[in-house]
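Subject: Structure for your review

Dear colleague,

Please find below the structure that I am handing over to you.

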Amino acid sequence: MTLTGLPDIAGMVDRPALRRRLDRAFQLPVTLMVAQAGAGKSVLLAQWMAGHPEKRFVRVDVRRTDDDVIRFGRRLLEGLAEIDPAFDDLSPLLSLRGGGLGIALLEALTIQFADLGEVVIVLDDLSRVSNPSLLTDLEALAEMMPSNIHLVLATRVDPPPLWGRQRLRRNTLELRQSDLAFTEPEAAQLLQEVAGRPIEAESVGVLFAKTEGWAAGLQMAGLRLRFKPASDDFIAEFGGSDRMIADYLSGEVLLSLPDDRREILLRMSALDSMSAELVDAVTGTAGSQLVFEMLERSSLFLIPLDARRHWFRFHHLFRDLLRYRLRAEDPEVEQNVLLAAADWHLGHNDAATAVEYLLRAQQWNRVLDLVFDLGVEVFERGEMATVIRWITAVPDEVREHRVDVSLLLAVLFLTEGRPAAAEDLLSRIKADPRASVSQCVSAEVYLAALAQWRPRPQASIDHANRAVAWLENNRAEAMPDVLRRGDHGSLLTIALVSGGRAHFLAGDLSEARRWLERGLGSEGAAYSVWRVSALGSLALVEAWCGRTRRAEELSAEALAIALEVGLLAHPSVADAYFAAALVAIERGEPGGAALTHYEGMIRAHSNRRSQLVWIGELELALMQLGGGDAERAESMLVAAGHTLASPPSPIVADRIRVIRSRMLRAAGSFDQAVRLNGDEKPDSPALVFELTAAELSAGRVDRARRLVEQLAEPAKDEILRDVERRILLAWLADAEGNTAASRRILADALEFARPEWLVDVFVRAGTVVAAQIAALSATPTEFEAAILERSRIVRSAPGVQPLAEPLTSRELEILSFLPSRFTNAELAERCFVSVSTIKTHMAHIYRKLDAANRNSAIEQARRLGLL
């Protein structure tokens with residue numbers, strides 16, 4: 001049972017009736033405990049947990065720093081790992097969070113929970129979290145988790161409209177301020193426990209009425225009665241509100257303590273968490289351990305933070321009251337304690353906590369210097385939000401003189417998926433007269449890197465051109481070291497890869513290939529993240545060109561490197577996954593694209609690369625078309641246009657027009673397919689292919705020939721464009737009555753496409769071309785047979801699965817592997833995904849097929865015609 005962070009419950013009043021009410025949490029998914037500070041939430045939870053040694057609890061004492069989802073997620077997984085070490089394996093999924101915990105982690109948690117037995121997850125003081133994405137994902141977790149998992153939330157205020165669905169279904173237990181208020185007999189017992197002697201019934205009644213059963217107010221009154229005998233004046237003057245308690249604490253309890261203890265107590269209040277060694281260091285005294293023991297005996301709101309009782313904190317309310325008094329008496333004392341605490345933590349290799357103290361002490365320049373030293377370590381842990389918070393907590397007037405800080409912050413914004421903030425800062429650096437030439441060049445590099453976020457790739461191309469030209473001509477120039485990846489070689493690689501991506505998104509595939517190959521050959525490509533990124537982007541270019549074998553090799557190399565160095569969950573792998581999916585689509589295997597496409601989408605969404613997400617949306621539409629579901633393909637494209645923050649890049653916008661033209665042509669709306677382009681001259685070979693196919697389908701041979709004549713001879717590497725051109729020439733020859741030429745050209749096209757297994761290009765040409773292929777030979781080749789079978793599938797109506805909840809395309813892909821008897825680990829290695837991903841999909845398959853195991857799932861799938 002994980003009990004880290006529980007307050008000492010010795011001497012507290014047991015509340016069996018409330019504990020029994022709380023026992024309902026074992027039957028419900030969510031329990032919500034909402035009450036003001038000092039209402040006794042933590043104590044009640046401690047008593048309840050201690051009263052159930054047979055149960056397993058994971059308790060997270062929520063901190064302000066948990067707004068950084070990486071930190072919160074890591075602490076949650078650490079608690080769960082104490083019950084089952086397998087939860088440690090889920091930590092890489094935190095990289096795919098997309099602002100919250102992320103769907104990948106939520107699904108993996110759900111699967112791991114299923115085999116865990118009954119566990120209660122307690123999140124204490126959830127009101128300290130303000131990250132809306134995290135709160136939304138916690139609600140999603142409550143919706144997804146199985147019935148053996150229970151979530152208990154203690155908070156000072158209602159979470160924003162969370163848990164609404166649970167409440168409507170009456171699946172939530174709620175305890176509020178009125179429920180936690182002490183009864184008069186409980187108040188009498190608490191006053192006696194704290195004061196150390198019985199209190200007259202009349203005095204109890206007055207104090208109970210004034211505090212309205214508020215635990216903190218009663219405890220304060222008990223402390224006063226411990227140090228001084230009861231008096232009518234005290235009873236009459238004592239107030240039960242926060243403000244009155246503060247006045248009382250200042251005037252009575254602290255003055256009742258010996259001077260040395262009082263001074264130590266006030267100094268301790270400046271600390272967020274404390275140990276005897278730390279308190280000795282900041283107060284310059286010895287024997288702090290004795291002070292801790294005295295505080296525990298006196299019930300002075302001291303909460304242990306570890307099982308060994310080495311680290312403690314004050315109750316938030318009590319701490320804030322002490323700090324108020326400390327600042328009123330001598331503000332410099334708090335400042336000195338904060339600086340001493342920062343130095344102590346630095347000396348104990350805890351720079352992150354030192355930064356927090358320096359921020360409170362307003363030591364801005366020390367904060368910035370320390371952030372530069374610490375930034376890489378925190379960055380590599382994925383805690384970008386924490387570093388951003390540190391930097392932005394420093395006033396603008398201090399930061400504006402530090403160009404190096406602005407550059408670091410811009411890179412962090414970019415990595416965190418906040419392109420607008422990054423672009424604004426980088427543009428200001430370029431215009432700042434205080435910025436050095438090397439800093440301006442670094443800004444150019446990172447502006448170029450915005451290619452996958454912005455719909456205007458030409459801007460990134462311009463930035464990349466300027467950056468590369470300067471870097472290649474000034475190789476000896478020292479560059480600003482940003483996160484230890486600001487050296488000359490790294491910047492050149494980033495600029496080349498970014499330029500390649502921008503040329504690809506602009507539709508210039510030859511230039512994209514040239515830039516990306518230069519990037520792969522540059523010095524900085526030795527760093528695994530840059531290499532995986534470049535390989536994946538080049539694989540995507542090659543897949544777009546129809547060079548599926550080369551694309552497959554590059555994608556596999558990128559994923560193998562990512563697997564070897566632990567980067568499979570990193571956003572940089574998205575391009576490689578999308579390339580693998582596009583290869584499957586072009587080969588006429590849209591079902592085989594589902595899993596890699598899904599993995600790519602998770603990674604593209606994780607840092608909000610909208611242009612890469614657009615490629616994923618495009619692939620999804622192509623997969624639907626490959627399954628014969630044109631209506632769903634169109635609805636998905638419409639939905640993407642509504643949900644994505646920016647319009648698609650030119651290459652994606654062009655392919656969307658091609659898809660819509662193709663759907664109109666397939667529906668017999670040939671004129672509409674042509675008019676979709678308006679009066680403009682078609683500006684891409686893919687669109688020319690579609691418009692020509694529409695004209696040929698409508699019988700307008702002359703107009704089709706004029707369009708074909710516009711097609712330039714494709715470049716050597718433009719295999720897909722070359723095949724499209726040959727298909728059109730064969731179709732045109734047949735329409736003009738030249739059957740022999742048509743058969744010869746079509747046979748050449750098939751032979752040219754066969755090594756890359758480009759099935760889909762023939763399928764999307766339509767039924768006329770399929771009939772011509774069927775007429776070539778009575779015994780079609782394996783490649784021709786694949787084209788004809790895929791054409792038949794596309795022409796038929798999309799199949800309806802005989803399941804109440806149909807399997808998704810990626811679940812169907814995993815299902816197809818089940819008869820192979822691959823283990824989960826072998827499947828994960830084959831598909832370049834994590835074992836937890838495979839387990840997630842397997843669990844969904846078993847549930848939807850109502851199967852208990854793999855054999856049962858295979859049998860059921862075969863019975864339903866799914867295998």
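In what follows, a residue is called buried when its relative accessible area is under 20%, exposed when that area is over 50%, and partly exposed in between (1.4 Å probe, protein chains only). Helices (H or I, at least four residues) and strands (E, at least two) are DSSP runs, numbered from the N terminus. The model is predicted: local features need pLDDT of at least 70 and side-chain atom pairs count only at pLDDT 80 or more, whereas totals for chains, interfaces and linings use all residues. Residues are numbered from 1 along each chain as its sequence is written, and side-chain values use heavy atoms, with hydrogens and water left out.

Overall picture

The protein chain contains 46 helices and seven strands. Its C-alpha trace spans about 115 × 70 × 45 Å along the principal axes. Of its 867 residues, 57% count as buried. Taking a contact as heavy atoms within 4.5 Å, residues 24 or more positions apart supply 70% of the contacts with a separation of 6 or more. No disulfide (a pair of cysteine sulfur atoms within 2.5 Å) was found in a search of the whole structure.

Helix H22 covers residues 403–415, which makes 13 residues. Of its 13 residues, 11 are buried; among them are Val 403, Ser 406, Ala 410 and Phe 413. Just after H22, Gly 417 has a positive phi of about 80 degrees.

Helix H28 runs over residues 528–545, and its 18 residues should span 26 Å, in agreement with the 26 Å between its end C-alpha atoms. Because 16 of those 18 residues are buried, H28 is largely enclosed by the rest of the structure. Gly 546 follows H28 and has a positive phi, near 90 degrees.

Glu 586

Which residues are in contact with Glu 586, leaving aside its neighbours within four places in sequence? They are Ala 543, Thr 548, Arg 655, Leu 720, Trp 757, Leu 758, Val 759, Asp 760 and Arg 764. Glu 586 itself belongs to helix H30 (residues 574–586) and is buried, with a relative accessible area of 2%.

Loop residues

Asp 125, in the loop between strand E3 (119–124) and helix H5 (132–144), has a positive phi near 70 degrees although it is not a glycine. Its relative accessibility is 7%, so Asp 125 counts as buried. Gln 362 is also a residue other than glycine with a positive phi, near 60 degrees. It sits in the loop between helix H18 (351–360) and helix H19 (364–380) and is exposed, at 52% relative accessible area.

Ser 91 lies in the loop between helix H3 (69–81) and helix H4 (103–114). With a relative accessible area of 32%, Ser 91 is partly exposed. Its C-alpha atom is separated by 22 Å from that of Phe 413, a residue 322 positions away along the chain.

Yours sincerely

How values were computed:
The expected span of a helix is 1.5 Å times one less than its number of residues.
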